[in-house]
Amino acid sequence: MSLSTQLPKLFVIRPIPPTVMARLRRRCQVTVHESDQAPTRQEYLDAVRGVDAFFILPFVKVDKELLDAAGPQLKVIGTFSVGVEHIDIDLCKERGVKVANTPGVVTTATAEHAMSLILAAACRLREGIQGVNDGLWGNKWESGLWLAGAEIAGSVIGMVGLGRIGLAIAKRLAAFEVSKILYTARNPRPESADPIGAEYVTFNDLLEQSDFVVIACSANDSNKGLFNAEAFKRMKKTSILVNIARGTIVDQDALYEALKTGEIGAAGLDVTTPEPLPPSDPLLGLPNCIVTPHIASCTVTTHTAMCDLVADNIFAALEGKPLKTPLY
Amino acid sequence: MALRVNCAARFIARWKPRIVFSQTEKLRGAPVICNTNMSSANAPKVFVSRRIPEKAKSLIASQCNAILWEKDEPPTRAEYLEKISGIDGLFCLLTDKIDAQLLDAAGPNLRVVSTMSVGYDHVDVKECARRNISVGYTPGILTKATAELTIALLLATSRRLKEGIRAVETGEWGTWKPMWLCGQGLDGATVGVVGMGRIGYTVAQCLNPFGVARFLYAGHRNADAEAELKAEFVDIDKLYSESDFVVACCALTPETAGMFNADAFRKMKKTAVFVNSSRGGVVNQEDLIAALESGEIGAAGLDVTTPEPLPTDSPLLSLKNCVVLPHIGSATHDTREAMAVLAAENLIAGLKGEKMPSKIDD
């Protein structure tokens, strides 16, 4: 009997950096879905049969069907994400399946991507890049106001959510010499807000006063569709909305109307409903809307760190030790 | 042929023009001359070479015999040289080449050139000095807008925004996997600023909270940057070899022209992100294209090119790892208005023989 059959079985849903794969292969019998095409539901339900550990991405719905398919020997699920709406945590707890996500390590990359969207929307980069490609650069500069955009300096920032990621974004914005940072959250967070002079306000006040509104809160049933037609009406006509949290927090049809009619100035979205957003979605036809494909955490260092963290949690669970970032 | 019109104007105490209200007529597309009064022999004659924000236009028109170019398209060189004959002052943009030929065409009355830009590589300042022509420019007021655009460009390049936007539009966005569209983070990076002047310093200050490990810089010493950001003054080769981000914020001078060439790109890291929001002329563009194509450097973000505008068939535009913007560094309403007003104030002060708010010392 070969040694490898004694190693716990691990299924990895997508290709990961070679350094992390090497770590996993040293301590587990690893199967991985190597193809460029994502696995179908049936494919991964089949692949998890009999595994001890499962390395997943957020498109994998962890529910009764999946836990049944894996079998009672399943000890741990590690998700390559901070968000966990795709996991029935109570059910996992009930069945003694440990669950871990990847908070903390994504903070700087996500805050940085939020900044890239805030600045891209303010400076009208999509129109600028397109203008160069389309040969509009030339005559139009001459009138001195082509592509005139918004400045962060002197503006009012409205943070929806001041958790790890929200605070990191606010700190970066503060260096641009904004005039005020407002925030809204379930409860005030003086330990985060005071050092940067952020002011706790109601949601409506934030909407009415902000030049830049940044959604950086976690998604749940209570904030589904929070940004609806009424919210956009309250926002300034020149305001810029950026969402790096979850698509569900925004009523996307209402957003389309608001952008098209000039109810708000521009939007930068890294998250949408659905994901992926179909190329035919009307939002993509608006020059003042920038959509990126959920890449806020996508830097080489961060993704490698996330994979390493999933690996660490899996090893801990398999060895009966406390997990680094457990969900319960 | 220019059409002379009478138009309403502000009463200016010092000049005391007689203000005449009458119907205005304007031939479509023709340049408009605004007189402040019927006999305005005393008001200096100026040419404003493009459409500019209203506030600046009114300021100039209230104090001068202003020949205003109102078309969207710029004047041809021939039209330009014709219009400026006999002028006292010139309000120009960075796209106008102010050289001996132009100064000759203007004639001996020309005593002030005012450019609506901080860069003045388009102005032969030595030739102007020789002819006792004062040159005004617009430093300081465009610093913040330009620094913000530089950072927007840096992040758009390092975080692969162009590819990301394209992936959504083309349906390439599938159920993604780790490492797809991974970019270069600022966290823990070394940022090299070439030219730690007003703009370079503001860029560095704004990048600081992103977790930059080290700022290196080359050019002239900046004690404030060293104190506040612990920026290290190094020779350019060290900056090239150690920086993850190389940001060009220097003026275009004979010393900096073409400095970013094959040699420079070879010295840079293979993952380096190069950002230029200064002048196209500091880059050897053919060498840059080759460096991006061969993977000598990681990516480039450019707000300035050679020429401007960049032709739509430029190889730069078909490179995935290159972002090109149409020179919008200072493009915010407030900043452009402030630049135009400052340039107008420079022009008027110079014509009156008063101290110009921002004069280029020769």
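Tutor: Strands of a sheet pair through backbone hydrogen bonds, either parallel or antiparallel. In this predicted model, strand 6 (residues 156-160) and strand 7 (residues 180-184) of chain A run parallel and are joined by five bridges. Two strands are taken to pair if DSSP finds at least two bridges between them. Helices (H or I, at least four residues) and strands (E, at least two) are DSSP runs, numbered from the N terminus.

Student: Which residue of strand 7 of chain A is the bridge partner of A:V156?

Tutor: The partner of A:V156 is A:K180. On conventions, residues are numbered from 1 along each chain as its sequence is written, and chains are lettered from A and ligands numbered from 1 in the order in which they are written. Because the model is predicted, local features need pLDDT of at least 70 and side-chain atom pairs count only at pLDDT 80 or more, whereas totals for chains, interfaces and linings use all residues; side-chain values use heavy atoms, with hydrogens and water left out.

Student: What is the order of the strands in the open sheet of seven strands?

Tutor: In chain A the order is 8-7-6-9-10-11-12, with parallel pairing. Strand 8 (199-200) and strand 12 (289-291) of chain A stand at the edges with a single partner strand each, so one side of each has no neighbour in the sheet.

Student: Which helices lie across these strands?

Tutor: Among them is helix 7 (residues 164-174) of chain A, which lies across strand 6, strand 7 and strand 9 (212-215) and runs at about 170° to strand 6. Such angles run from 0 to 180 degrees between N-to-C directions, with axes as lines fitted to C-alpha atoms, for helices over the stretch in contact; contact means heavy atoms within 4.5 Å. Helix 11 (residues 252-261) of chain A lies across strand 10 (240-243), strand 11 (266-269) and strand 12, at about 140° to strand 11.

Student: How is the open sheet of five strands in chain A arranged?

Tutor: Its order is 2-1-3-4-5, with parallel pairing. Strand 2 and strand 5 (98-100) of chain A are at the edges, each with a single partner strand, so one side of each is left without a neighbour in the sheet. From one strand to the next the twist averages 15°. Strand 4 (residues 76-79) and strand 5 of chain A pair over three bridges in the parallel sense, and A:I77 stands opposite A:V99 in strand 5. Helix 1 (residues 18-27) of chain A lies across strand 1 (9-12), strand 2 and strand 3 (53-56), at about 135° to strand 2. Helix 12 (residues 300-318) of chain A lies across strand 1, strand 3, strand 4 and strand 5, at about 170° to strand 4.

Student: How should I read the interface between chain B and chain A?

Tutor: The size of an interface is often given as the accessible area lost when the parts come together. Here chain B and chain A bury about 6,000 Å² between them, 67% of it on carbon and sulfur atoms; buried area is the accessible area (1.4 Å probe) that two parts lose on being put together, summed over both. B:R159, B:W173 and B:W176 supply 13% of the area that chain B buries against chain A, more than any other three residues. In terms of contact, 61 residues of chain B meet 67 residues of chain A.

Student: How many salt bridges cross the interface of chain B and chain A?

Tutor: The rule, a side-chain nitrogen of Lys or Arg within 4 Å of a carboxyl oxygen of Asp or Glu, finds four across this interface. B:K144 forms a salt bridge with A:E177, the closest N and O atoms being 2.7 Å apart. A:D36 forms a salt bridge with B:K177, with the closest N and O atoms 2.4 Å apart.

Student: Which backbone features deserve attention?

Tutor: Most residues other than glycine have a negative phi, and most peptide bonds are trans. A:E177, in the loop between helix 7 and strand 7 of chain A, has a positive phi near 65°. A cis peptide bond joins A:E275 and A:P276, with omega about -5°; A:P276 is in the loop between strand 11 and strand 12 of chain A. Another cis peptide bond joins B:T306 and B:P307, with omega about -5°.
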